[in-house]
Each structure stands twice: as C-alpha cells, then as structure tokens.
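Dear colleague,

Please find below the structure that I am handing over to you. My notes on it follow directly after it.

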Amino acid sequence: MSIWSDKGHFIKGAWTGAVGGTTVENPANRASIATISVGTTADVEAAVAAAKAAWPAWMATPAIERAAVVSRVGELIEARMDDLAKAITLEVGMPLKLAKMIQVGLPLQSFQNTAKIAHEFPFEKQVGNSTVLQEAVGVVAAITPWNYPLHQIAAKVAPALVAGCTVVLKPADLAPLNALLLADIFEAAGAPAGIFNVVTGPGAKIGLHLATHPDVDMVSFTGSTRTGAMLAREAAGQIKRVSLELGGKSAAVVLDDADLAKAVKATVNACFLNSGQTCSALTRLIVPEAKKAEAIEIAREAARSFVLGDPMDPATRLGPVISEKQRDGILQLIRTAADEGGTLVAGGADAPEGLDQGYFVKPTVFADVGPDATLAQEEVFGPVLAILTAKDDDDAVAIANNSRYGLSGSVWAGSTERATAAARRIRTGQIEINGGRFNPLAPFGGFKQSGYGRELGDYGIEEFVEPKALQL
Ligand code: ADP
C-alpha cells in the first residue's frame, strides 16, 4: 500500500480533493512513492481566508484549551510514529531508526513541550500601572524545507497555535508527505477548522504568493539564505513580521587539552548526520596544528564506519542526499575543495559502488583547508567535513568566527571552564561544550546570516506574540 493517497490540500479542516500534478521521489532509488496535488494561487487564497476567519475565535480561546489541542496532536503523532518515520525515510533518505528518533522524536517533543509551557507562559503580566498582554500576531505563513521537515514544521506550528495564531503551511516540495500526514492528524484530533491549513506546491509560486499575501501577518521561514533574504525584502514593504532560520557553517573547536578522539569522532558524526543535510551541522573541525596528523587519522577511521546504503536497511548509517541537483552541487564543492589545495582524507567525488540508482555521496573529509577556502565558507549540505588548524585558542576562536553564518558550534577542552571561555567568544546561536547534548527547550536560531528569531521552548512562543499594554 502506498504511504500516501492524494487528497489535495488541507483547508478549513477538510481535504480539497486530489488533483495530482506531481510525484514524490525516493532519493535512495528514484522510485515514485506518492502522487500529490500541486497547489494554485486560488488554494493559497482559500487557505489564508480560512486561517483569517478562524483566528478571532482561536485567539479568544483560553491558552490552556489551545494547549490541549496541541497536546492532542502530540498524542496522535506518538501513535503514528512508525508511519511518519517511514514516510520521512522514504522522502528524505535518513536511515529509519534515526528518522524515528530524530525526525519524529523531536517534533513529538515540540508539540508536548509547547503544550506544557503554555500553562506557565506569561500571556498577561502587571508592569506598574499596566497590564501587558502577549497577544497573537495573527495569521502565520510557515514555509519549511525538506531536511528535518516535520521538526521544522513542529517548531513553528506548535508555538504559533499555542500563542493564538492560525497557520498556513507550505511544506517543502521535495518532502511534503510528513506535512500531509500531520494534516491528517489535525483532522483526527478534531482541531478547530482553519487553525492549521496545508497547501503543497512550488516555493517560487505558492510559497511566494502565501508569504506576500496581505492577510498574512507573519512569515516564519526555514530554508536557504537566498530565499530568506528575498522573503525579508518582500515583507519589508508590508512591515510584516519575519523570522528566518537559514544556513550555517558551524565550527567544532578542539583545544589542545581536549580528548581529541572523542571530539573528532563526535564532530564527524554530527557532520554526517542526515547525510550532512543539517543547518546546524558541525562542518569545520578546527584542531591545534600539533594535533593535525592524529586528528586526520581519527577522522578517516570515523568516516570509514559510515556504511552507505538503503535507508530502510538497518545496517545503513548514511543514506542518500535528497536530489540529483543537491548531489551534483555537493560533488562540485568536493572538486573545488581539491582544486583549492585541500588534501582528501576520505571519500571524494567518485560515485560509490553499487548505489547508482540513488543520490549517494561518499562520506568525505578534507584536511589542509584554509580558513577562506570555499569549503570553509560555503554551506555544502552534504557529508563533507573540512579540517582546519589553529595556532592557539585565540586563533581557533578567530577561525570559528570567520564565517558569515553563526548558527551552531562546539568547543572541546580539558575543562568546562576553558571550553566555556572560548564558547563565549564565538558568535553563534548555540554551542555545545564538550559534547553537551541538544536541548529541545533551548533557543534555536542564528546570528549573522544564519537568520533572526528563535525557535523552541518559551523562546519559540515569544516569536508569535506581540506585547500590548493596557494602562490602568
Ligand atoms: P532548500 O535549499 O532548503 O530547499 P529553499 O529556500 O529553496 O531551501 O526552500 C525552503 C522552502 O522555501 C521550501 O518550502 C521552498 O518551496 C520554499 N521556497 C523556495 N523558493 C521560494 C520563494 N521564491 N518564495 C517563497 N518560498 C520559496
């Protein structure tokens, strides 16, 4: 049985009916896995009208009741974890076990956490003679990418709804099935009609029409820096609120007293997760000059342990990348890295053997990458790690900061104090100290060209409210 039968778009709590128009491809073997409907501007108009009509009643609904709807959606995500994980593995290519844990586990936590936080969130507080209300921004256009598709949707939809906003989602064209399954879940949850709407279709047409619609009060976008900048320019004319989660080129800084093996292995794992298609991926490994040779050997061994293959096969650690275009772009950057003097440590631009049906890229590591080389500056969005060297702590921090991005990072040192001291000097939205684990309640978002705005936890809800002061 197919993972999805086309039912059209989800607008005002109902399906519009299948019109087809495009298929979703499995990047592991290029097989078509589902047919879906391509939206029109009329579909966007209907979805925005539904969200606008639903907004007053939803905003007037007590936050605790809004949270109950979000919590119910969380319960149904949990009940359908296997279906969701399978859909995401088929459309994105992440190995199934990891997809279940991360691609479904994180969105589940977003719905659960946000519902809980709603109970304590200061929707109303006293400041002197004022009652300050945190009022919903209004109709939100959520435009999301394909790399962690359901996570990126959940990080917008759950807090927007808890805040009292209503949402029109335009999911990524390459991985829309999880968004349609989520719409199914909203329907099953009995969510009020119109609070959450989904229209699928191409970004340049449907996404742009949605983002620039005069009845949309805020655009919450995750994707490329190029598209984000364009949407911000468009929004400026209407003084529309915008939040942007964009690219990254995050650094793992390893200081001379760190546990080198642990630091290098963890960085390789973080770089190759989801075939390197992670905006917060640690793609620049900065090691002390004296530790370079040792770091290269550890990285080479670690890269070797990434078995490429079908993401449905439990033995696979590295699936394909999402599309032919992405793969070709990654291979081009690998060739450029070699042309610019990088030393190939593992992988490379050759096609991996026996996997010619899908878009596979070998797990690749380069050493001798200069801080201004293309590989040290451009986001690859593929399984490619650059090893750079630093003279001392100051130099390592300067190299880490030599990026137009600032989304994530890590610092490794012999003590928490030394690692933290370096981390305080790195301009980035998140930074792991000696392998500190991802915190789904911590603010996630970028400095510099990685964007603005923060997602997750109570910071995520703050994005979707505006303060309003009543002077008493
Ligand atoms: P990625 O390289 O991660 O796909 P994009 O920025 O191209 O990044 O896409 C992220 C999301 O933005 C997708 O849902 C895509 O369809 C949408 N998108 C792409 N171009 C536009 C555009 N011109 N206007 C609005 N949305 C767009």
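Isoleucine 239 lies in the loop between α8 and β11 (241-245); helices (H or I, at least four residues) and strands (E, at least two) are DSSP runs, numbered from the N terminus. The model is a predicted one, in which local features need pLDDT of at least 70 and side-chain atom pairs count only at pLDDT 80 or more, while totals for chains, interfaces and linings use all residues. Residues are numbered from 1 along each chain as its sequence is written, and side-chain values use heavy atoms, with hydrogens and water left out.

Backbone angles

Most residues other than glycine have a negative phi. Isoleucine 239, although not a glycine, has a positive phi of about 45°. Because its relative accessibility is 66%, isoleucine 239 counts as exposed; the cut-offs are under 20% relative accessible area for buried, over 50% for exposed, and in between for partly exposed, with a 1.4 Å probe and protein chains only. Aspartate 368, in the loop between β15 and α12, is likewise not a glycine and has a positive phi, of about 60°. With a relative accessibility of 37%, aspartate 368 counts as partly exposed. A positive phi, near 100°, is also found at glycine 341, which follows α11.

The ligand

The ligand is surrounded by 19 residues, a residue being counted if one of its heavy atoms lies within 4 Å. The closest are Thr144, Lys170, Asp173, Ser224 and Thr227. By class, the shell divides into 10 nonpolar, 7 polar and 2 charged residues; Ala, Val, Leu, Ile, Met, Phe, Trp, Tyr, Cys and Pro count as nonpolar, Asp, Glu, Lys and Arg as charged, and the others, Gly among them, as polar.

Which side chains place an N or O atom at 2.7 Å from an oxygen atom of the ligand? They include lysine 170 and serine 224. For threonine 227, the corresponding distance between a side-chain N or O atom and a ligand oxygen is 3.0 Å. Polar contacts here are pairs of N or O atoms within 3.5 Å; within protein, one must be able to donate a hydrogen and the other to accept it, and residues adjacent in sequence count only if both atoms are side-chain atoms. On its own the ligand has 540 Å² of accessible area, of which the protein covers 81%; such areas come from the Shrake-Rupley method with a 1.4 Å probe, and for residues only the protein chains shown count as cover. Two or more residues of the shell come from each of α7 (203-211), β10 (218-222) and α8 (225-236), and α7 gives the most, with 4 residues.

Helix α11

Helix α11 (residues 324-339) comprises 16 residues and reaches 22 Å from its first C-alpha to its last, close to the 22 Å expected; the expected span is 1.5 Å times one less than the number of residues. Its buried residues are Arg327, Ile330, Leu331, Leu333, Ile334, Thr336 and Ala337, and they pack against β15 (364-367), α12 (374-377) and β16 (384-390).

Buried positions elsewhere

Serine 37 belongs to strand β4 (residues 32-37) and is buried, at 1% relative accessibility. Its side chain reaches two backbone nitrogens, that of valine 19 at 2.9 Å and that of glycine 20 at 3.2 Å. Not counting residues up to four places away in sequence, serine 37 touches residues including Asp6, His9 and Thr200; contact means heavy atoms within 4.5 Å.

Glutamine 277 is in the loop between α9 (260-272) and β13 (282-288). Is this residue buried or exposed? Glutamine 277 counts as buried because its relative accessibility is 0%. A polar atom of its side chain lies 3.0 Å from the backbone nitrogen of isoleucine 322. Beyond four places in sequence, the residues that glutamine 277 touches include Trp146, Tyr148, Pro320 and Phe381.

Alanine 183, in helix α6 (residues 177-189), is buried with a relative accessible area of 0%. The C-alpha atoms of alanine 183 and histidine 9 are separated by 8.9 Å, although the two residues are 174 apart along the chain. Leaving aside neighbours within four places in sequence, alanine 183 is in contact with Phe10, Trp15, Phe196 and Val198.

With kind regards
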